[in-house]
Amino acid sequence: MITLGKALNHGLRRALEDDPKVVIMGEDVGKLGGVFRITDGLQKDFGENRVIDTPLAEAGIVGTAVGLAIRGFRPVCEIQFDGFVFPAYNQIVAQVAKMHYRSKGKLRLPITIRIPYGGGIGAVEHHSESPEAYFAHTPGLKVVTCSNPADAYTMIQQAIASDDPVIFFEPKRRYWEKGEVDLDAPLSGAFPLHSARVARPGGDATLLAYGPMVRVALDAASAAAEDGRELEVIDVRSLSPIDYPVIFESVRRTGRAVVVHEAPGNVGLGAEIAARITEECFYSLEAPVLRVTGYDIPYPAARIEEEYLPDLDRVLDAVDRSFGW
């Protein structure tokens with residue numbers, strides 16, 4: 001049993017071992033081992049040329065990664081906190097996302113951008129954000145997020161091995177949660193990076209969640225089971241592309257769907273998923289697709305963030321409303 005954060009550390013270590021072209025760069029990732037200690041010990045073992053402490057300049061980190069990728073490296077950029085990614089946003093959407101298209105397929109940018117995201121740790125302003133929709137909306141970027149240690153270990157390696165740029169969101173409130181991880185399993189047999197996973201089977205309604213909210217959805221399913229309702233929980237995992245066939249198959253069986261995420265509901269991932277379900281599964285639905293999300297306000301101060309974040313009661317209330325139709 002290891003924590004999600006330690007699983008990411010093992011995954012990064014294995015990627016560095018397997019490919020000498022992999023380099024890690026970011027603020028305090030070297031000597032300190034990262035603010036969350038995700039890169040702890042890597043600079044000591046692989047040297048300052050492969051685990052690089054950068055200046056406090058996110059645009060410079062990503063811009064340098066573009067040049068490295070063009071020259072054949074596989075840079076892994078750490079954005080120290082989710083709210084710090086916005087200085088690099090122009091580099092990501094104008095350069096990283098478009099270079100393959102702009103070069104007519106001649107250039108690839110195998111860049112992985114790691115972003116700890118979400119609330120739940122009592123952080124100050126700019127340290128708790130859910131910006132995933134900005135990147136999932138951008139053609140040319142792959143966007144994924146893990147929810148448990150086993151996925152963290154394999155998904156970070158798969159992202160680094162991908163020839164496409166990958167935005168890798170890490171649920172910071174789950175860094176210390178433990179789970180079983182097979183550190184010796186070959187990556188070739190791992191669950192596909194861009195596939196959704198049935199985290200808990202059920203036949204009465206479908207809960208769709210990703211990242212930090214998967215645990216909330218699983219807890220809701222456990223609570224609902226006490227009332228005789230079997231909720232199927234889908235860990236979406238890949239936010240761009242989204243694995244819709246798995247989602248559609250589940251909703252066609254259950255007839256009900258509730259989408260859960262921390263980000264605000266307005267123009268969020270939940271809206272897109274709900275629209276696609278309505279288009280493809282209309283005649284199977286017994287109720288409208290409902291969403292449980294953060295409110296359409298900035299993340300609030302740490303002392304009241306629990307009032308903002310979707311919780312067990314809000315998810316169960318949505319399930320009750322779905323069955324009320």
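Is the crossing of H9 and H10 left-handed or right-handed? The crossing of these two helices is right-handed; a crossing is right-handed if the near helix is turned clockwise from the far one by less than a right angle, and left-handed if anticlockwise. The model is predicted, with local features needing pLDDT of at least 70 and side-chain atom pairs counting only at pLDDT 80 or more, while totals for chains, interfaces and linings use all residues. Residues are numbered from 1 along each chain as its sequence is written, and side-chain values use heavy atoms, without hydrogens and water.

Two packed helices are described by the angle between their axes and the distance between the axes. Helix H9 spans residues 244-254 and helix H10 residues 269-281; they pack at an angle of about 60°, with axes 10 Å apart. On the side of H9, Tyr244, Ile247, Phe248, Val251 and Arg252 make the contact, and H10 contributes Glu272, Ile273, Arg276, Ile277, Glu280 and Cys281 (contact means heavy atoms within 4.5 Å). By class, seven of these residues are nonpolar, none polar and four charged.

The second pair joins helix H1, residues 4-18, to helix H7, residues 149-161, at an angle of about 30° with axes 8 Å apart. H1 and H7 are therefore roughly parallel to each other. Their contact includes Leu4, Ala7 and Leu8 of H1, and Pro149, Ala152 and Tyr153 of H7. The residues of this contact divide into ten nonpolar, three polar and one charged.

Terms used: Axes fitted to C-alpha atoms, helices over the stretch in contact; angles between N-to-C directions. Helix = DSSP H or I, 4+ residues; strand = E, 2+ residues; numbered from the N terminus. Parallel < 35°, antiparallel > 145°, perpendicular 65-115°, else oblique. Nonpolar A, V, L, I, M, F, W, Y, C, P; charged D, E, K, R; others polar.
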